[in-house]
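Dear colleague,

I am handing over the structure below, and my notes on it follow.

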Amino acid sequence: MQDVGMQARRQSVPVQVGNVTVGGGAPIVVQSMTNTDTADIDSTVRQVAALANAGSEIVRITVDRDEAAAAVPKIKERLLKIGCEVPIVGDFHYIGHKLLADHPGCAEALDKYRINPGNVGFKDKKDKQFSSIVEMAIKHNKPVRIGANWGSLDQELLTHLMDENSKSNQPKEAREITREAMIQSALLSAARAEEIGLPRNKIILSAKVSSVQDLVLVYADLAKRSDYAIHLGLTEAGMGSKGIVASSAALGILLQQGIGDTIRVSLTPEPGGDRTLEVKVGQEILQTMGFRTFVPLVAACPGCGRTTSTTFQELAGSIQSFIRDSMPEWKKKYPGVEALNVAVMGCIVNGPGESKHADIGISLPGTGEAPAAPVFIDGKKAVTLRGPTVSQDFQKLVIDYIDRRYGVGGAGQTAAE
């Protein structure tokens, strides 16, 4: 897939985070965060590895106390032993300066530090503690994300701006002032970090809120006022479809405007749910918008009165799951396979046409249609499947097609060739 939106992307200063480049025209990076107790090394290693395996290119972990900080070097070591080289970001609040100073192994093992200017310190301690973290980043040659957040905004700055606004002849709405406080908090902190000595190419900014419209306005303004690399995310997006829709709407608008160098979809998992869902959603946002390709696309019709059989639904679901589960191995074995398009259609109305447009597609029989399922490969009818093993037969055809087109010695070839 062509990166159709790359030409219009805002040009930011590139930042190297471990083995991943953020900004500067590099592909938009998908990241995520663990929800394990970082002090629980086994659980954290398992979840980081699972997130990375699902496609998270950067993973953030909570570093909130001594036990967590002490565990970080061991977590990093364990991950490297199993071949997981995903960059690890330490999320610091309140006492990050102390934890980094007391645990030099943690400071060295992390690939990036995240600072929240709203709680890095208060009153006269704020600059000292912020400076301490920045100096530690300089010492260990680490980048820093300065992440302002609607829920933990710098209250001194906000109060100052609100007081100034109240004295104005044309006062603005409180919400607008709050957005301005978010932006100033990030920009002033970044300027201070540079003043201390942290290079511009070691700074990423974020300004997360939980309202879609506020998020769009905040990031659009932030992007106009700086060339720092930007991390996008709707904070506290929510659970299930609500969180997915809200994040997709907010990030979609900003990405289309060329804003954003790395994204996270912050979903609340269902009880016992899979944390990797947020990675999949992030990838699907970028892929459906044409910015990147991660996994082969499976087109499937929504179903109607013509498709009372559940066969096409089950086949679409099984093919999609099979493809995603196979991708870690396929990426190594079949270069370029993520660009594959598969169609699973439910009746004769759009089935043959959509299947012809895909690399490989199947048009299943709808209600009242003959029990036959034509398969189209590279736009041409290749075979007609019948009987109770249609699903298994089509899956085998998909595997054969991938092996023929993307396998060693056959990369780029199609069935028509």
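**Surface patch, overall make-up and salt bridges**

Ile-95 is partly exposed, with a relative accessible area of 33%, and its place is in the loop between β5 (88-92) and α3 (96-102). Together with Tyr-94 and Phe-122, Ile-95 forms a nonpolar patch on the surface, and the accessible area of the three comes to about 310 Å². Please keep in mind that this is a predicted model.

As for the chain as a whole, the protein has 13 helices and 17 strands, and its C-alpha atoms fill a box of roughly 80 × 55 × 40 Å along the principal axes. Of the 417 residues, 51% are buried, while the chain exposes about 18700 Å², with carbon and sulfur atoms supplying 52% of that area.

The charged side chains number 46 positive and 47 negative, the centres of the two sets lying 1 Å apart, and the structure holds 28 salt bridges. One of these joins Glu-108 and Lys-142 at 4.0 Å, N to O; Glu-108 lies in helix α4 (residues 104-109) and Lys-142 in the loop between α5 (125-140) and β7 (144-149), so the pair ties together parts that are 34 residues apart in sequence. Glu-108 is partly exposed at 43% relative accessible area, whereas Lys-142 is buried at 9%.

Arg-192 and Glu-195 also form a salt bridge, with their closest N and O atoms 2.4 Å apart, and both lie in helix α7 (residues 174-196), three residues apart, about one turn of the helix. Finally, Asp-37, Asp-64, Arg-65 and Glu-67 are linked in a network of salt bridges.

Best regards

Technical notes. Residues are numbered from 1 along each chain as its sequence is written. This is a predicted model: local features need pLDDT of at least 70, side-chain atom pairs count only at pLDDT 80 or more; totals for chains, interfaces and linings use all residues. Side-chain values use heavy atoms; hydrogens and water are left out. Patches are made of residues with over 30% relative accessible area and no salt bridge: like charges are joined within 9 Å, nonpolar side chains (Val, Leu, Ile, Met, Phe, Trp, Tyr) within 5 Å. Accessible areas come from the Shrake-Rupley method with a 1.4 Å probe; for residues, only the protein chains shown count as cover. A salt bridge is a side-chain nitrogen of Lys or Arg within 4 Å of a carboxyl oxygen of Asp or Glu. Helices (H or I, at least four residues) and strands (E, at least two) are DSSP runs, numbered from the N terminus. Buried means under 20% relative accessible area, exposed over 50%, partly exposed in between (1.4 Å probe, protein chains only). Lys and Arg count as positive and Asp and Glu as negative; His and the chain ends are not counted. The place of a charge is taken as NZ of Lys, CZ of Arg, CG of Asp or CD of Glu.
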